[in-house]
Each structure stands twice: as C-alpha cells, then as structure tokens.
Amino acid sequence: MKEKRRLIKDAVSWLWVAAVPALALLLSFLICSLLLKLYNADPVVAYTALFRGALVGKYNFSETIAIMIPLLLIALGIAVAQTGDNQNIGGEGQFHMGALGAAFVAIYLPANTPVLFSIPLLMATGALFGMAWILLPAVLKIKRGVSEIVMTVMMNEIGKGIVSCLLSNGMKDPNSPIHQTVEFGENWKLPTIIPDTKIHLGFVLALILTVILWVYLNKMTGGFEVKAVGQCKKAAQYAGMRVGKVALMTFLLSGALAGLAGACEVSGIYNRLIEGFSLGFGFTAIVISLLGKRNPLKIAIAAFCFAALITGANAMQRAVGTPATLASVIQAVTVFFWMISEFFVSQLRKKINLLKSMKSTQAIPSTSN
C-alpha cells in the first residue's frame with residue numbers, strides 16, 4: 001500500500017513538472033489578452049495572427065529562422081562565458097564589430113574570390129573582430145579584477161559608434177542616401193539553403209556549433225575545466241588548472257560567436273552593412289541564455305521560441321493594429337511567468353529526488369551483526 005502511494009506521489013510530481021511551464025504560458029497569454037482588450041483588439045484574432053505570422057508559410061517560417069540565427073549564436077557565446085563564471089553583456093557591440101569585419105573583407109577584397117575561400121574568410125574575420133572587441137574587458141577582468149559587466153556594456157556603445165561613423169564617411173555607398181555600404185559581390189554572400197527564403201548557410205553553422213558546444217561542455221576535458229573554474233576557482237587552481245587561461249578562452253569564444261553572428265547577418269540577410277541593422281539581438285540573447293540554463297540544446301529551443309515570438313508579434317501588430325511596444329511587453333510577461341515556473345519546477349524536482357532517495361533507502365534490507 002505504501003509503495004502504491006509513493007508511486008502515485010511520484011507520478012503527480014512529474015505531472016506538475018510538465019504542467020507548471022504550460023500553466024506559466026497560459027497565464028502569460030491571459031495577461032496579454034487583457035492588454036489586447038485595452039486596445040480593443042480581439043485576442044483570438046491577435047494570437048491567430050501571431051501563430052500564423054511566425055510559423056505558417058515558407059516566408060513567415062524563414063523570417064523566424066533568420067531571426068533565430070543571430071539570437072542563437074550570441075546566446076551560445078554568453079552561455080560559454082557564464083559557464084566559466086564570467087559575464088558578457090557586450091554581445092551587441094561584438095555583433096556590430098563582427099559585421100564590420102565581414103564588410104571589410106567583402107568590400108575591399110577581390111569580388112571574384114572563389115567561394116571556397118571567401119565564405120570561410122568572411123566567417124573567420126567576423127569571429128576575429130568579435131574576439132578583438134572583448135579582449136580588453138577580458139584582460140582587465142583577469143589581470144586587474146575590473147568588472148567585465150561594466151566594460152562590456154560600455155564597449156557596446158563604442159562599437160556601435162564606430163560602425164555608425166564609418167558608414168557615414170569612409171565606407172558609405174556614394175550612390176545611396178542611406179548610411180550603408182555598397183552591396184557585396186555574389187561570392188561574398190552566404191548561399192541560401194532553401195530558395196526564395198532567408199534561411200542561409202548560417203543556420204546550418206549555428207546548429208553545428210550548438211551540438212559541438214554541447215559535446216565540448218558535457219563530454220570533453222576542456223568543458224569540465226570550464227565548469228570547474230566557473231563553480232570554484234580556488235578548487236580548480238588547487239587541482240592544477242590554469243584558471244586565467246580558461247577564463248580568457250571563454251571570453252574569446254564568447255566574443256567570436258557574437259562576431260560570427262554579425263558576419264552571418266550582413267552576408268546572409270542584407271548583403272551589405274547597414275546602420276541600425278541590429279534588432280537588439282545582443283540584449284535579447286542574454287535572456288535566452290538565462291532561459292536555456294547554459295545548456296546549448298535548450299538555448300537553441302529558447303532562441304527559436306523567441307524568434308517566433310518576435311516575428312509573430314510583428315504580424316499581430318499588422319493584423320489588429322496594436323502598438324509596436326506591445327510586442328516587447330508580451331515577451332517580458334512571458335519571460336516573467338516562465339522564470340517563476342522554473343523556480344517551482346526546480347522545487348518539485350528536489351522533492352522527486354528526495355522521494356526517490358527515501359524509496360531506495362527503504363528498499364535496502366537491514367542487516368544485523
């Protein structure tokens with residue numbers, strides 16, 4: 001009888017683990033429905049437009065994937081830094097610098113450079129520019145203990161300012177009133193995977209890097225060192241790990257991924273560098289990394305959900321005439337309830353583990369001397 005009760009409790013606890021996130025999403029939709037009512041918008045029409053605008057149709061789905069690519073790459077970089085107990089709030093600046101690096105090689109190198117060389121060079125340059133932009137905050141943090149949060153935030157504005165300055169002067173297309181470069185040559189454009197869509201080679205690259213990072217962090221010695229340093233630097237140092245080297249590596253890898261995202265964006269979507277090309281991906285990716293719990297596979301899911309929400313919210317705005325800021329409010333409300341659900345799920349999992357340990361303890365027969 002006790003065994004049956006314990007099994008029932010286990011089953012109920014697991015049902016709550018699955019139900020709490022669903023309940024969080026339901027509550028967020030209810031709150032957002034009230035907001036839609038304030039604008040005299042029909043919630044059913046609005047949510048239908050949101051779903052269809054994000055996922056239904058080749059064009060809409062490709063828009064979601066196109067937004068997912070930079071979000072995923074930058075969030076992966078932030079997660080790597082966080083795993084090593086470092087913070088990278090400068091993804092937006094590194095994103096801009098990676099795009100600038102890609103624009104340099106695409107504009108000033110020969111247009112007929114073979115694709116086998118041009119595309120890898122484009123990606124590598126973007127990654128190197130992203131690494132270079134995080135190098136100063138990394139060195140100051142490791143050598144002098146300067147807050148990397150403050151430094152990376154400041155580097156965001158500097159990076160965006162440099163791009164804006166160059167697009168207003170030396171790199172500006174003389175035949176265009178818009179602050180943008182000339183169009184890249186065909187050999188410098190990322191090939192599309194599906195014709196007549198925005199799903200380009202960067203999507204495959206992002207997925208491959210997601211799997212590689214998961215394997216690295218969970219199955220390889222280097223990933224174990226990153227986690228060990230992130231959890232306790234003194235213990236890792238006592239074990240013979242080079243804490244400074246590991247920290248520098250996580251910083252550089254984080255910047256490289258953000259720079260790579262910038263290179264993919266300008267060469268896969270715009271085919272030129274345009275002022276204001278970022279939709280705030282560097283800041284949104286911070287939330288995605290937190291929601292993904294530093295797990296690359298979960299981050300990929302969170303990036304897709306956020307991209308769908310961004311694309312769908314824009315379609316909803318067009319369908320029911322809500323203001324553009326409502327899309328940001330919907331994202332904030334959804335994240336708020338999701339984070340609350342994460343807390344309750346973690347508490348339920350602790351309870352489940354406790355019940356399992358009690359069950360295994362009682363199953364061990366007692367022996368007498």
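**Figure 1. Arginine 272 and glutamate 183 form a salt bridge, with their closest N and O atoms 3.9 Å apart.** This is a predicted model, so keep that in mind for every view here. Arginine 272 sits in the loop between H10 and H11 and glutamate 183 in the loop between H6 and H7, so this pair ties together parts that are 89 residues apart in sequence. Is arginine 272 buried or exposed? Arginine 272 counts as buried, at 16% relative accessibility, because the cut-off for buried is under 20%. Glutamate 183, on the other hand, is partly exposed, with a relative accessible area of 45%. Salt bridges with shared partners join Asp173, Glu183, Glu186, Lys189 and Arg272 into one network.

**Figure 2. Arginine 272 also meets aspartate 173 in a salt bridge.** Here the N to O distance is 4.0 Å. The pair links distant parts of the chain, 99 residues apart: arginine 272 is in the loop between H10 and H11, and aspartate 173 is in the loop between H6 and H7. Both arginine 272 and aspartate 173 are buried.

**Figure 3. Lysine 233 and aspartate 85 pair up in a salt bridge.** Their side chains meet at 2.9 Å, N to O. Lysine 233 belongs to helix H9 (residues 233–238), while aspartate 85 is in the loop between H3 and H4, so the pair ties together parts 148 residues apart in sequence. How exposed are the two partners? Lysine 233 is partly exposed at 31% relative accessibility, and aspartate 85 is partly exposed too, with a relative accessible area of 38%. The structure holds seven salt bridges.

**Figure 4. The largest nonpolar core holds 61 residues.** Which of its members touch the most others? They are Leu71, Leu72, Leu73, Ile74, Leu273 and Ile288. Several helices give two or more residues to this core, among them H4 (91–108), H5 (115–144), H10 (243–270) and H12 (296–320). Helix H3 provides the largest share, 13 residues. In soluble globular proteins, nonpolar side chains tend to be buried together.

Figure 5. One of its residues, isoleucine 212, is found in helix H7. How exposed is isoleucine 212? Isoleucine 212 is partly exposed, with a relative accessible area of 48%.

**Figure 6. Stepping back, the protein has 13 helices and zero strands.** Of its 369 residues, 47% are buried. Among contacts with a separation of 6 or more, 78% are between residues 24 or more positions apart. The accessible surface of the protein comes to about 18800 Å², and carbon and sulfur atoms account for 68% of that.

Notes
Residues are numbered from 1 along each chain as its sequence is written. This is a predicted model: local features need pLDDT of at least 70, side-chain atom pairs count only at pLDDT 80 or more; totals for chains, interfaces and linings use all residues. Side-chain values use heavy atoms; hydrogens and water are left out. A nonpolar core is a set of buried Ala, Val, Leu, Ile, Met, Phe, Trp, Tyr and Cys residues joined through side-chain atoms within 4.5 Å. Buried means under 20% relative accessible area, exposed over 50%, partly exposed in between (1.4 Å probe, protein chains only). Helices (H or I, at least four residues) and strands (E, at least two) are DSSP runs, numbered from the N terminus. Contact means heavy atoms within 4.5 Å. Accessible areas come from the Shrake-Rupley method with a 1.4 Å probe; for residues, only the protein chains shown count as cover.
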